[in-house]
Amino acid sequence: MYMTARRVRCINGALFLLVGLAACSDAGSERPPLSVVETPPVVEVPTQYASSCGACHSVGVAGAPKTGDANAWAARLEAKGMDGLVASVRNGLNAMPPGGLCNSCSDEDHASLIEYMAAAQ
Ligand code: HEC
């Protein structure tokens with residue numbers, strides 16, 4: 001089968017990235033988004049999360065309950081209640097350092113961060 005060089009390039013591009021298809025289409029057509037990573041909303045909790053709790057809870061370092069794992073968080077909330085969980089963060093728990101890397105956080109801030117992580121994402 002005969003293929004032009006341009007068509008071969010386009011097929012190669014499509015194999016690697018959906019974006020490759022955009023390069024084949026006519027100028028002016030809508031491009032697919034370059035990335036599926038969503039920009040977090042500009043509010044305090046996700047920012048604070050990203051610079052503290054997220055370091056461990058995003059991937060579950062050393063047995064940390066994972067962000068968005070609603071079941072894991074529900075079990076801990078049921079066992080200790082929000083006050084108990086906030087106390088664990090304030091005092092530290094095993095591999096989690098006191099304050100959870102947010103020493104400027106108040107108990108209310110820690111509770112908001114816990115709710116944020118406990119919500120299914
Ligand atoms: C250095 C890693 C690390 C950071 C940073 C961290 N955590 Fe943790 N966290 C852990 C680990 C590990 C556990 C599991 C501890 C265990 O049960 O042995 C945990 C458990 C918890 C628990 C459950 C405690 C309990 O009593 O069951 C809560 C709540 C929590 N983290 C909240 C937070 C919050 C809020 C932040 C950010 C302010 C945070 N963590 C930052 C590692 C971390």
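1. Start with the H5/H6 pair: these helices pack at an angle of about 170 degrees, with axes 10 Å apart (axes are lines fitted to C-alpha atoms over the stretch in contact, and angles run from 0 to 180 degrees between N-to-C directions). H5 and H6 are therefore roughly antiparallel, a label for angles over 145 degrees. Helices here are DSSP runs of H or I with at least four residues, numbered from the N terminus.

2. Housekeeping: this is a predicted model, where local features need pLDDT of at least 70, side-chain atom pairs count only at pLDDT 80 or more, and totals for chains, interfaces and linings use all residues. Numbering runs from 1 along each chain as its sequence is written.

3. On the H5 side, the residues meeting H6 include Trp73, Leu77, Met82 and Leu85; their partners in H6 include His110, Ala111 and Ile114. Contact means C-beta atoms, placed from the backbone, within 7 Å. By class, this contact has 11 nonpolar, 1 polar and 2 charged residues (Ala, Val, Leu, Ile, Met, Phe, Trp, Tyr, Cys and Pro are nonpolar; Asp, Glu, Lys and Arg are charged; the others, Gly among them, are polar).

4. H6 also packs against H3 (residues 44-51), at about 85 degrees with the axes 10 Å apart. That makes H3 roughly perpendicular to H6, the term for 65 to 115 degrees. Val45, Gln48 and Tyr49 in H3 meet Asp109, Ser112, Leu113 and Tyr116 in H6.

5. Now the ligand: of the 27 residues around it, Cys53, Cys56, Ser88, Met96 and Gly100 come nearest (the cut-off is a backbone-placed C-beta within 6 Å). H4 (54-57), H5 (70-91) and H6 (107-118) each give two or more residues to this shell, and H5 gives the most, with 5.

Notes. Parallel < 35°, antiparallel > 145°, perpendicular 65-115°, else oblique. Contact = placed C-beta atoms within 7 Å.
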